[in-house]
Amino acid sequence: MVEDAQAREAPVQRLADAVAGRFCFGIMAVSAATLAFWAGPGAALFPGAVEAAGLGAAGATAPYVLAARLAVDVLVVACPCALGLATPTAVLVGSSAAARRGVLIGGGDVLERLAAVDTVVLDKTGTLTQGRPRLVARRGAGEDATLALAAALESVTRHPLADAFIDAARARGLAIPSASEVTTVAGEGVWGVVDGAVTAVGRQAWVLGICAAQRGDGGDPAMEASTARFNPDAPAGPSARDASTDSPARDALTDPPAPESSITGSSTVWVARAGRGLVGSLAVEDGLRPGAARTVAALRRRGLRVVLLTGDGEGPARAAARAAGIDEVHWDARPGDKAGVVRGLRAAGAVVAMVGDGVNDAPALATADVGMAMAGGTDAAAGAAGVVLVGEGLGQVCSALDAGRAALRTIRQNLGWAVGYNAVGVPLAAGAALPSLGLAISPSLAAGFMAFSSIAVVGNSLRLRERIAGRPAT
């Protein structure tokens, strides 16, 4: 990835390459004009210039010797190499230095966009938090059975919640049944067949919809009764009102927690079975990554706007934002919603960096100006991102942004030096200071200046290693 990044051009490099190409033809034209001027009217207009150049002994041929020498000086002193090296050397050194800090940058174009970022959007689970949720509460008619059903479905998926349910089930010595026909729906949950019945784990409305859809009528009396018991404010249909205690819903959830969270800061996951409705809920909590609040504060000190964007409910979203020091929060965001939020920020003029780790974040990562994927996340997230953070700390977000800013600053310095050098060196080589100051550049000195110009650009780029490596992440 680092080698590919070093081969990808930044937009400013394309501009420099276009200028360098025209610059070569321009220098040849200046050299020809210098030859014509000093071989013709120049010697007559400035007779002292020939003497100042030390060519008085050449006699009548002195103007032609001077003209030829100055024309060669112009060709030698001009340095399109400095223009051509200004960007790629900075990109190469900058991306390599960032990689040593655990930040893999996908190319010079990504490095340049990093420098312009003014808004950082953070996913919650696995990004702001550690991505290692733990089970903190179980509710339902059969708590162990509810946990076993969730573990059965999650055992064939890749999501932080899967480990939490499986570890909790094993810690309690529960037998995890096998699951088949398992399907994961990004932003909603997972469903499949467990012990011969369709079972779903995820958002409340979604799991009920999945189980109802398996009956083909969407009006299962047992499920409606379960929903009515679960949420008294929900409108009850005739079947729900008439459901007796002898119906299959008798095993459904009868004393559930609050709709979103039973514990402050925890997220609730629902378990439903076809023909039974909601059979239980599981509450999980995930602590912030070490240094997350410090990273948010560091981003703010850099003048950046920080936004939390999560698919979790309002309670856990606000709790995480409060702990991390984030003021702007968006919750209950499905994958498409996340991309829509990022798209809205960009439409308002923000340059957005999205940081995430899961399949749910992939659309937003691809929509942002710069997508950053956390280590240990899904391949989908890494594939959609332009930056991969291979360490465990959230502080690498700051490292990536600092690398982009430092690299762009170095590119501008290199281009400024290259343009300034040629703007001064070419006129001097053409004899502009010869009539008034008696100053001319010899061909050997012109060659030395040209080499020094390229060395200066490369040397300035190499200083990036110290700038990036020496700056603290937070």
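Which residues make a nonpolar surface patch of about 340 Å²? Select Phe-25, Met-28 and Leu-75: these three make the patch. In a patch, residues have over 30% relative accessible area and no salt bridge; like charges are joined within 9 Å, and nonpolar side chains (Val, Leu, Ile, Met, Phe, Trp, Tyr) within 5 Å. A salt bridge puts a side-chain nitrogen of Lys or Arg within 4 Å of a carboxyl oxygen of Asp or Glu. Areas come from the Shrake-Rupley method with a 1.4 Å probe, and for residues only the protein chains shown count as cover.

A note before going on. This is a predicted model, where local features need pLDDT of at least 70, side-chain atom pairs count only at pLDDT 80 or more, and totals for chains, interfaces and linings use all residues. Residues are numbered from 1 along each chain as its sequence is written, and side-chain values use heavy atoms, leaving out hydrogens and water.

**Stop 1: Leu-75.** Find Leu-75 in helix H5 (residues 62-77). Helices (H or I, at least four residues) and strands (E, at least two) are DSSP runs, numbered from the N terminus. Leu-75 counts as partly exposed because its relative accessible area is 46% (buried is under 20%, exposed over 50%, partly exposed in between).

**Stop 2: the aromatic pairs.** The structure holds four of them. Rings of Phe, Tyr and Trp (its six-membered ring) pair if their centres lie within 6.5 Å; planes under 30 degrees apart are stacked, over 60 edge-to-face, and the rest tilted. Select Trp-38 and Phe-46, a tilted pair with 6.3 Å centre to centre and 50° between the planes. Trp-38 is buried, at 3% relative accessible area. Phe-46 is partly exposed, at 34%.

Next, select Trp-417 and Phe-452. This pair is edge-to-face, with 6.0 Å centre to centre and 85° between the planes. Trp-417 sits in helix H19 and Phe-452 in helix H21 (residues 443-462), so the pair links distant parts of the chain, 35 residues apart. Both are partly exposed: Trp-417 at 35%, Phe-452 at 48%.

**Stop 3: helix H19.** Select residues 396-429. These 34 residues should span 50 Å at 1.5 Å a residue, and the end C-alpha atoms are 48 Å apart, which agrees. The expected span is 1.5 Å times one less than the number of residues. After H19 comes Gly-431, with a positive phi near 90°.

**Last stop: the whole protein.** Zoom out to 22 helices and 13 strands. Buried residues make up 50% of the 474 residues.

Terms used: Buried means under 20% relative accessible area, exposed over 50%, partly exposed in between (1.4 Å probe, protein chains only).
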